[in-house]
Amino acid sequence: MIISASTVKDSRENVEKFVRRNLLGGIDHLVLFLDAPLPDVEDLLEGHPDVTYVRAHGDWWGGETPEGLNTRQINNAALISRLAAGFPWAEWMFMLDGDEVARIDPGVLGRLAPGTRAVRLLPMEAASRLHPESDPTLFKRLLDDDELQLLHILGLIEEPKQRSYFRGHMSGKPGVRPSSDLALGVHHVVDTGSGERVPSVSDPGLKLLHYESHNGDEFVRKWMALLSSGDDVRQHHKRAPLARSIAAVLALGLPEDDTAALLELLYERTALDDVETLSRLRLLVEVHPDQGERRPRPPEAEIGQLRELLRRAHDAPKRVFRPRSQDKRAPKVIERLQKGIR
């Protein structure tokens with residue numbers, strides 16, 4: 001079973017797309033940690049055979065709710081990646097955000113040497129338009145130095161650097177063979193003993209579609225959610241001024257129409273792609289994430305074991321699972337939660 005772990009705070013419509021596209025993209029079962037009360041999303045997911053959702057708010061944290069979104073994401077992903085260790089069905093696990101879609105060729109994973117413990121999904125970022133009629137099917141790939149220099153000379157990017165081309169992350173997302181001594185983080189797999197990052201393998205058959213601010217409405221929604229999700233939401237230094245600018249606009253208390261117009265202007269200045277020119281240069285990749293066939297559904301008994309692990313984890317201390325905590329209680333907590341299931 002190829003499993004994904006995600007911490008989600010989004011609309012029913014976006015969650016439905018996220019689930020459908022990742023199942024078509026190679027994920028067998030999704031674990032969604034709901035980061036806030038989301039009754040519409042729970043209604044969507046209740047009884048879904050391919051999704052297990054967890055109410056990861058309130059008493060889930062036992063009175064120790066991490067203030068920042070990144071910490072909650074890391075804690076949730078590390079918890080399930082370590083709890084699933086040792087079960088034959090837990091082949092691979094990936095950490096995905098709500099605006100990401102895995103594109104996994106299972107044959108690539110099957111050909112990896114048994115000693116390969118971590119892989120990486122390389123990103124392709126959705127080309128952005130201000131008011132598109134439909135979701136994007138054109139994606140930007142990572143460019144080489146000559147291609148970046150070309151876009152810089154043409155005036156499409158400020159500097160001949162990948163960071164000037166991509167709005168979001170460029171490192172992609174990690175996958176891990178679930179193990180008690182490895183923890184799945186946001187962008188890296190971590191050795192829980194040493195606290196060091198584990199080297200990962202990449203392949204053209206392992207991709208990630210990133211819907212990073214792909215239109216004006218999504219830009220506003222994402223940044224408002226980020227700015228309200230805790231003070232440790234980490235942004236690259238290049239995006240920090242944008243975060244401060246958006247926060248400043250919101251703090252002005254302007255009429256709703258004026259606020260929307262200013263946020264749209266910020267979007268045009270910082271996030272809008274010249275899709276026509278990029279297409280003429282043949283730098284965009286066409287992908288249709290709503291097409292294709294999904295893999296056969298895993299046996300119900302295996303999904304039942306996964307769900308029982310998560311049910312038992314509700315009352316467990318969550319901080320012991322953090323990748324770099326080196327909490328000596330972790331092995332005993334994991335053993336207790338797994339007992340009698342295997």
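Colleague: What relative accessible area does Glu125 have?
Modeller: The model is predicted. A residue counts as buried under 20%. Glu125 falls in the buried class because its relative accessible area is 0%.

Colleague: Which residue forms a salt bridge with Glu125?
Modeller: The closest N and O atoms of Glu125 and Arg167 are 3.5 Å apart, and the cut-off for a salt bridge is 4 Å. Glu125 lies in strand β6 and Arg167 in the loop between α6 (162-165) and β8 (173-176), 42 residues apart. Arg167 is also buried, at 8% relative accessibility. The salt-bridge partner of Glu125 is Arg167.

Colleague: How many residues apart are Arg21 and Asp135, which form a salt bridge?
Modeller: The closest N and O atoms of Arg21 and Asp135 are 2.9 Å apart. Arg21 belongs to helix α1 (residues 12-24), whereas Asp135 sits in the loop between β6 (118-126) and β7 (138-140). The pair therefore links distant parts of the chain, with a separation in residues of 114.

Colleague: Is Asp28 buried or exposed?
Modeller: Asp28 meets Arg295 in a salt bridge, at 2.5 Å from N to O. The two residues are 267 residues apart, Asp28 in the loop between α1 and β2, and Arg295 in the loop between β12 (284-286) and α11. Arg295 counts as partly exposed at 28% relative accessibility. Asp28, at 3% relative accessibility, counts as buried.

Colleague: Which residues touch the most other members of the largest nonpolar core?
Modeller: The largest nonpolar core has 40 residues. Elements giving two or more residues to this core include β1 (2-8), β2 (29-34), α3 (69-83) and α11 (300-313). Trp89 touches Met1, Ile3, Ala84, Glu302, Gln305, Leu306 and Leu309, not counting residues up to four places away in sequence. The members that touch the most others are Phe33 and Trp89.

Colleague: Within what arc do the buried residues of α8 fall?
Modeller: Helix α8 (residues 240-251) reaches 16 Å from its first C-alpha to its last, close to the 16 Å expected. Its buried residues are Leu242, Ala243, Ile246 and Val249, while Arg244 and Ala251 on the other side are exposed. Seen down the axis of α8, the buried residues line one face of the helix because they fall within an arc of 125°.

Colleague: Which residue just after α8 takes a positive phi?
Modeller: The α8 helix covers residues 240-251. Just after α8, a phi of about 65° is taken by Gly253.

Methods: Residues numbered from 1 in each chain as written. Predicted model: local features only at pLDDT ≥ 70, side-chain atom pairs only at ≥ 80, totals over all residues. Heavy atoms only, no water. Core = buried A, V, L, I, M, F, W, Y, C linked by side-chain atoms within 4.5 Å. Buried < 20%, exposed > 50% of the residue type's maximum accessible area, 1.4 Å probe, protein only. Helix = DSSP H or I, 4+ residues; strand = E, 2+ residues; numbered from the N terminus. Contact = heavy atoms within 4.5 Å. Expected span 1.5 Å × (residues − 1). Arc of directions from axis to C-beta. Salt bridge = Lys/Arg side-chain N within 4 Å of Asp/Glu carboxyl O.
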